[in-house]
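Colleague: Hi! Could you walk me through this one while I have it open on my screen?
Modeller: Happy to, just ask as you go.

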Amino acid sequence: MTTYARSPLQDGIRPGGNLLHAVEVLVSGPIDKQSFLDSGILCCLIHILNSLLAPDGGSHSKDTNDNVELPPVDGSNNAETRPVRQLEVEGSVVHIMKALASHPSAAQSLIEDNSLQLLFQMVANGSLMVFSQYKEGLVPLHAIQLHRHAMQILGLLLANDNGCTASYIRRHHLIKVLLMAVKDFNPDCGDPAYTMGIVDLLLECVELSYRPEAGSIRLREDIHNAHGYHFLFTCSCWAGDSKFDRKRRKRLSTQSSPTLSRLFDVIVNFAQAGPSDGPGSSGLKSSKSSHPKPNGHGRSRTSSSDRIADDIWEKDNDKVKDLEAVQMLQDILIKAESTELQAEVLNRLFKMFSSHLENYKLCQQLRTVPLLILNMAGFPLPLQEIILKILEYAVSVVNIIPEQELLSLCCLLQQPITSELKHTILSFFVKLLSFDQQYKKILREVGVLEVLLDDLKQHKFLLGPEQLTVDHGELERKNSSSSFKKHLDSKDAILSSPKLRVWFGKLPLFEVEGTISVAWDCLVSLLKKAETNQASFRSANGVTFSLPLLASDVHRSGVLRVLSCLIIEDVRQAHPEELGALVEILKSGMVTSTLGSQYTLQDDAKCDAFGALWRILGANGSAQRVFGEATGFSLLLTALHSFQSDGEQKNQPSISVCIKVFTYMLRVMTGVSDNAINRTKVHTILSSQTFYDLLSESGLICVECERQVIQLFLELALEVVLPPFLKSEEATVSHTVENESASFLLITPSGSLVPDKDGCVQLLLEIIYPLLSSTSPLVSHALKIVEVLGAYRLSVAELRILVRYIFQMRLLSSGRCLVEMMERLILSENTGSEDVSLATFVELDMSKIGHASIQVPLGERSWPPAAGYSFVCWFQFRNLLRSPGKETEAPKTGSSRRHVMASGQQVGPQVLRIFSVGAVDNGSTFNAELCLQDDGLLTLATSNSSSLTFSG
């Protein structure tokens, strides 16, 4: 046939070529190709293609089948034209085969003889021999192209088959034929892309065996029995480390190999290939391979990113069905030398886990993520983030409790890893604890709380002052490049006990600067609202080991947060010794470690401790009782005594430091003195001669501090509870020390106030509130001030406070004072003569009788505003020119107040004031008015003697 197709011209006609062209045209058209398949033409063409793929490349003078010499050719069939005719014949044969292979019955028509088996062998031989022969110069490049066409034809046959060839493939061991081509691939002379095409064909075979007519045959078993995944693993090694790639190693460090990307995608497809679990599934995978494009090509050869973006699989088809394929990805990740390859595999794993909710649970039996976590120290930061992202997905989306994974993280935390990785792990724990409260128990069970406690107990600060000279930089340990593989061979033995301990020297979680803050965050998160964790912390003497760190500037805030959490949540104060220990430390100004080393508490540390004590006493009422029983009020004496210099000028604190400590201490006393017992104890100490002497000798009664001292004692007397750490107050106090002429600072729970710079009725009302029930003359004077200030400006909040006070004090004498003050405030008309509006903004007078207008105050604001405002409205009036006597309904008596003056005389003509600033008729120079009179005149007036009138 090949001879006939290549025959020379006869009378200007080439019969063989024309016949071949006619068949090509017919099979390419929209006709039924079944008759062609029944004729056996596809089987013939496979044998013809095999002859073309003979070792001589199909371009020699011998026919590969019968060894008959080709007939001589005429002069036109010279050396230049003969190869062209050969290519024409080969092109027609390939096109006919591809068109027929796209038919669903094409593969079935080849199983009666060895045609399909011959096609498998042709494809496999292309990888085993042709490329090496091409490099030796034995075959032309065109032979390689023909082998690629053979691969595409086989791909079309498998993709369009409905499963009937599965038994044929198993009977003739064709899976093994393809696997041997992969196994025997030589990267020095082979082509990785061609071998990847063979891997694609293996996937097609697996998918084919899940189609309806495949029956119970599963070709995946053939791959397992032949250890095919091991060959694919070897394939991944040479695909990333061939001589060709080694020459481009620098480029591969920033750009991964397309062949490897394709291989990883195929491995994921192997893991997910199988029947759909959804109802009514036909077993056909909804992928591109099952629906080839009209151009006749099979599976897409696009890059991994394009394929993932283009393939839209149903969720049921994304479920993992072959764990051995996942295991292979895991092995590639662990043994890969390149960070880029590891990132590629991790991304595939994450996408596979996220493609179906069951996938992560299915892969847990492989311990993939726990193993990755244990080896995480050898991965760069981006890969570590991907691993934790996978774990976060399992927690938040899959909604499982990954105990093995968390135990791996706890185990890794005890390894000699970098502080950056420790910070990442602890940050993940903190995030996990904020996500769900149940992880407080789980992290305790996997040992996180115990690890933190053990690390805290070994802190060098607790071993004595001589240990503090050790350089923190020596504690930073770097991991070796090969350490991340040490768990590879023992993966089945990991994570068996929650009490697992793997010590590699000291664990500086609380010593290295990069992890101190997040370690305390994790510890506080574990203890907060977790009684069992708090009990474990107390039983391990966590409080005892934490208290000495109050002397450390770095650890103080963390220790105080832990103590505050424990004491505040101990509602019944079952552990009063914790609050008592804090009080004793503040009394003595010293803290002692478990080994007897003593550290002095600096003034800033005292202030921080007083601040934490203020929060504790404010949040726990039982703690106030314990504070009194622990002689906490004696801090009034010990704090003042600490201000004395003992004759050494160099040790005396500055006056600014003393007043700061005194402020913190006294406000703690104010916050705990709101019950009779504590109030008596405070009174006893403040009225004692000892307190008087210590206060006199403290140096606080001076020009710089006397105002602040008076303020603090006034707060204590009135029991005004304020936080000791007001920033506005600190700024004002520092300003007072520098400037003796500074104004007296008035402080309330709503904020601070300088009376000569700012007036505020609300602050004044809050200050006098505790005195309203008394008969103090201070109340009447304060109410007079409120009346004056309220006549100038009264906000909504201030009005609400006044009304609330009236209701609360209505049965007391002060209630009458408040009511009378409010009456005078409402009826006050003296502001009108001073050209001051009662409103702080534009107000609308909505009177129904007389006039309605816009009134604008002339106080601190002016019209128009500097910021720029626009006002647009419609005005509607009725019966403006009609006198009241002519109206059909006379107004009621109570509504004519604006028309009748106090003397009973009638006001002048009716006027509609459209716009008014001030009042034109009161003689003031600050006014402007636009009005419409009852005679139809529109008047613009700036005073009672200056106006412009327009007739309507």
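Colleague: Which residue forms a salt bridge with Asp608?
Modeller: That's Arg556, with the closest N and O atoms 3.2 Å apart. By salt bridge I mean a side-chain nitrogen of Lys or Arg within 4 Å of a carboxyl oxygen of Asp or Glu.

Colleague: And where do the two sit?
Modeller: Asp608 is in helix α31 (residues 603–619) and Arg556 is in helix α29 (residues 556–569), so the pair ties together parts that are 52 residues apart in sequence. Helices here are DSSP runs of H or I with at least four residues, strands are runs of E with at least two, and both are numbered from the N terminus.

Colleague: Before I go on, what should I know about the model itself?
Modeller: This is a predicted model, where local features need pLDDT of at least 70 and side-chain atom pairs count only at pLDDT 80 or more, while totals for chains, interfaces and linings use all residues. Residues are numbered from 1 along each chain as its sequence is written, and side-chain values use heavy atoms, leaving out hydrogens and water.

Colleague: Thanks. Is Arg556 buried or exposed?
Modeller: Arg556 is buried, at a relative accessible area of 6%. Buried means under 20% relative accessible area, exposed means over 50%, and partly exposed is in between (1.4 Å probe, protein chains only). Asp608 is partly exposed, at 36%.

Colleague: What else does Arg556 pair with? I'm thinking of Asp553.
Modeller: Arg556 also forms a salt bridge with Asp553, and there the closest N and O atoms are 2.5 Å apart. Asp553 counts as exposed, with 63% relative accessibility.

Colleague: How many salt bridges are there by this rule?
Modeller: The count comes to 19. Among them is the one between Glu715 and Arg667, at 3.0 Å from N to O. That pair links distant parts of the chain, 48 residues apart: Glu715 is in helix α37 (residues 706–718) and Arg667 in helix α34 (residues 655–671). Both residues are buried.

Colleague: Which residues are linked in a network?
Modeller: Arg170, Glu221 and Asp222 are linked in a network of salt bridges.

Colleague: Switching to strands: how do β8 and β9 pair?
Modeller: β8 (residues 928–933) and β9 (residues 937–943) pair in the antiparallel sense over four bridges. Two strands count as paired if DSSP finds at least two bridges between them. Leu930 has Leu940 in β9 as its bridge partner. Three residues lie between the strands of this hairpin, where Gly936 takes a positive phi near 90 degrees.

Colleague: Which residues make the nonpolar surface patch?
Modeller: Leu938, Leu940, Leu948 and Phe950 make a patch of about 350 Å². The elements giving two or more residues to this patch are β9 and β10. Patch residues have over 30% relative accessible area and no salt bridge, with nonpolar side chains (Val, Leu, Ile, Met, Phe, Trp, Tyr) joined within 5 Å and like charges within 9 Å. The areas come from the Shrake-Rupley method with a 1.4 Å probe, and for residues only the protein chains shown count as cover.
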